[in-house]
Amino acid sequence: TGKSTLVYYLCGALSKTGEVVLCDLDGCDPEYLRSAFACGGFQGKVKVVHYVDKKGNPRTHAEMGQEAVEALIQSKDVTCAVLDSVTAYQSQGEMVGDVGEAFMGQRAKQIGQIVRRARAGLNYKPGYFFVVNHPYAVIGGVGHKTAGGEVLKDLAGVRISIYHKENIKDSKDERIIAFVVGGQVEKLRFGGKKTGNTEKFTYVILPDIGLSRDLSAMFDCFTFGLASRERTVKLGDTSVGYISSLINDARNGKTEVFEPFHEALAEYEEQYFLEHGGGMG
């Protein structure tokens, strides 16, 4: 669904020329990492926490996570830190023990310590700590749950839930040329979900590149009824082109093609603000 891609984009947009510390327990592609961060306008530095120490000895996930948090709260240059992901996180007992041994609660305890440390540090220094997680279906029940324990849920200020909506394929060779992802932002402070303090959104990912701001704006126009997706894409009564051609334009960096979509959204938001007394989110 593009969880890591969204986090890279957000870190790039929030940090700009700062420094981001990435504790990637899932493994990442350096080339894609550079491209996905650049999609958010990032021109700073990304420090990836290493799996081994200076002597070549393997490090525990607890040590790696703590390094990311300490860098965030102690360095004036670091604006974002990322733990990716909770599912891949292993407690020290799991790393050195035998398969089949029970280690209940160790991961949740250590994740809780890392998150509490980050929350306490961010009370004194501006910054952002992203924790990537995965949902699991509740066995024998309805809904889903996530790993990492209750502390992780209780201390989160914002929760972003995303889901896969659509694959867009090339009309000629059926190759996937874009992924459409939907999501919801829950503001867990000052009211939160129970008072309707949520925002829904859509974004588009280009394979090997990252999140496309231009294509996401176009799909926002679809959502708000400013554009229509027929045989060709139409903005008002004007035909802009075939969707596959527009995706290729986005891949090639032809941002001028999408300026009308951004302008339409800006006008729509201004009108929304006047009518409702607040932004669209």
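Select L22 and V82: L22 stands opposite V82, a residue of strand β3. The model on screen is a predicted one.

Now show the strands around this pair. β1 (19-24) and β3 (residues 78-84) run parallel and are joined by six bridges. Zoom out to the open sheet, where four strands follow the order β2-β1-β3-β4 with parallel pairing. β2 and β4 (128-132) are the edge strands, each pairing on one side only. From one strand to the next, the twist averages 15°.

Next, select helix α2 (residues 30-38), whose buried residues are L33, A36 and F37. These residues cover an arc of only 95° around the axis, so they lie on the same side of α2. Colour E31 and R34 as well: both are exposed, on the face turned away from the buried side of α2. To see what covers the buried residues, display α1 (3-15), β1, β2 (45-48) and β10 (210-212), which are among the covering elements.

Stay with strand β10 and pick S212. Is S212 buried or exposed? Its relative accessible area is 8%, under the 20% limit, so S212 counts as buried. The side chain of S212 reaches the backbone nitrogen of L215 at 3.1 Å. Finally, show V204, L206 and A250: S212 is in contact with these residues, leaving aside its neighbours within four places in sequence.

Conventions: Residues are numbered from 1 along each chain as its sequence is written. This is a predicted model: local features need pLDDT of at least 70, side-chain atom pairs count only at pLDDT 80 or more; totals for chains, interfaces and linings use all residues. Side-chain values use heavy atoms; hydrogens and water are left out. Buried means under 20% relative accessible area, exposed over 50%, partly exposed in between (1.4 Å probe, protein chains only). Helices (H or I, at least four residues) and strands (E, at least two) are DSSP runs, numbered from the N terminus. The arc is that of the directions from the helix axis to the C-beta atoms. Contact means heavy atoms within 4.5 Å. A polar contact is a pair of N or O atoms within 3.5 Å; within protein, one must be able to donate a hydrogen and the other to accept it, and residues adjacent in sequence count only if both atoms are side-chain atoms. Two strands pair if DSSP finds at least two bridges between them. Axes are lines fitted to C-alpha atoms, for helices over the stretch in contact, and angles run from 0 to 180 degrees between N-to-C directions.
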